[in-house]
Amino acid sequence: MMVARPVRWGIVGATTIAREWMIGAIREAGGDVVSVMSSDAERGRAYAAENGIPDATTDLSALLGKDLDAVYIATTNEKHKDQTLAAAKAGVHVLCEKPLALTLADAREMVAACRAAGVTMGTNHHLRNASTIRAIRDAVAGGRIGKPLFARVFHAVYLPVGLQGWRIKDAGAGSGVVMDITVHDADTLRFVLGEEPVSVTAFTQQGGMGGDGIEDGVMGVVRFGGGLLAQFHDAFTTKYATTGLEVHGSDGSVIGIGCMTQKPTGDVLLRDASGERKLEVVPENLYVRSVTAFQNALRGEGRPAATGEDGVRSMALALAALESARTGREAMVEPGL
């Protein structure tokens, strides 16, 4: 189903990320937010009023009946599957937050349902839309560092007080730093390297923020199909850490500084035999780029920045990291589909 008019969006979940990033991005990309669904009627009405949305509902069927073209699903992780299946059945395109679900089987079912219904499915992995990340990818793909040998991701942050809810308290919702942040590392590494992960060894930490049995820090090493090794460090507990992504090759290194973030910030350095220089990076709103690509896909022009299949494959690495931490052994990464 291709869309010729301005895309009509429904927001599933009256969430912080939708308010701070996605509603504005949809509008800047030429879309129209026509309704929001919240499980709390009062919260939904207040959210709609605060964000200039003409309608609020507590019922997903009512939302899907608003002549929508697409939904942005931003609820807690355990709700994504049923909401995606309902949207697909209604013939509505789906842009879903990560991780897609709690299990690979559920995520695969979501992708299959959208494919069978003829609707487009995307995963809101925002980082691959960053100018810095794309500059790193272009340097690697263009052979500017020779054969890639190693990569390192620094994505340890401090979870804002306003977000210290289900992410650190509700195991049933898929909480913890691995499903919240490591899954982004997985997608970013896959995007930058153009390779799929094979196995991972990881150790998790409970540093005092996460609830009982919920990890708030993790370190690990990923082995990719071509032999490259990648380190990752993620946390909710570090107030003063910096973020970054490095890829080191046989003939050079490309280094992203301050780039694992929602904001269009950061620098990219290239180091090789001729010295060090800064690569040109033009700042661009990550979410506007994501929404624009998704809306173009609905018109038959290209594909989402991150597809449903990307969501499954990146989630597979995060789940393998959890398995490794649980067993104390290297874990194989299941094939995405």
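User: Are Trp9 and Phe294 buried or exposed?
Analyst: This is a predicted model, in which local features need pLDDT of at least 70 and side-chain atom pairs count only at pLDDT 80 or more, while totals for chains, interfaces and linings use all residues. Residues are numbered from 1 along each chain as its sequence is written, and side-chain values use heavy atoms, with hydrogens and water left out. With buried meaning under 20% relative accessible area, exposed over 50% and partly exposed in between (1.4 Å probe, protein chains only), both Trp9 and Phe294 are buried.

User: How far apart in sequence are the parts that the pair of Trp9 and Phe294 ties together?
Analyst: The structure holds 2 aromatic pairs, that is, rings of Phe, Tyr and Trp (its six-membered ring) with centres within 6.5 Å, where planes under 30 degrees apart count as stacked, over 60 as edge-to-face and the rest as tilted. The rings of Trp9 and Phe294 have centres 5.5 Å apart and planes at 45°, so this pair is tilted. Because Trp9 belongs to strand β1 (residues 8–12) and Phe294 to helix α9 (residues 286–298), the pair links parts whose separation in sequence is 285 residues. Helices (H or I, at least four residues) and strands (E, at least two) are DSSP runs, numbered from the N terminus; the separation asked for is 285 residues.

User: Over which ring does the charged end of Arg137 sit?
Analyst: A charge sits over a ring if NZ of Lys or CZ of Arg is within 6 Å of the ring centre and within 35 degrees of the ring normal. The charged end of Lys239 sits over the ring of Tyr158, 5.1 Å from its centre. For the charged end of Arg137, 4.2 Å from the ring centre, the ring is that of Phe191.

User: Which element gives the largest share of the lining of the largest pocket?
Analyst: The largest pocket holds about 1,200 Å³ of space, and the closest to its centre among its 41 lining residues are Thr16, Ile17, Leu163, Arg167 and Gln262. A pocket is an open set of 1 Å grid points over the protein atoms alone where a 1.4 Å probe fits, with protein on both sides within 12 Å along at least five of seven lines, and lining residues have an atom within 4 Å of a point; volume is the space filled by probe spheres set on the points, which are joined across faces, edges and corners. Two or more lining residues come from each of α1 (16–28), α7 (166–169) and α8 (177–193). The largest share, 4 residues, comes from α1.

User: Which strands stand at the edges of the open sheet?
Analyst: The open sheet is formed by 6 strands with parallel pairing, in the order β3-β2-β1-β4-β5-β6, and strands pair if DSSP finds at least two bridges between them. Within this sheet, β4 (residues 70–73) and β5 (residues 93–96) pair over 4 bridges, and Ile73 stands opposite Cys96. Each edge strand has a single partner, so one side of each is left without a neighbour in the sheet, and these strands are β3 (56–57) and β6 (121–123).

User: Through how many residues does a hairpin join β13 to β14?
Analyst: Strand β13 (residues 267–272) runs antiparallel to β12 (residues 252–257), joined by 6 bridges. β13 also pairs in the antiparallel sense with β14 (residues 275–278) over 4 bridges, where the partner of Leu270 is Arg277. The number of residues in the hairpin between β13 and β14 is 2.

User: What is the omega of the peptide bond from Lys98 to Pro99?
Analyst: Pro99 is found in the loop between β5 and α5 (104–117). The peptide bond from Lys98 to Pro99 is cis, with omega near -20°.
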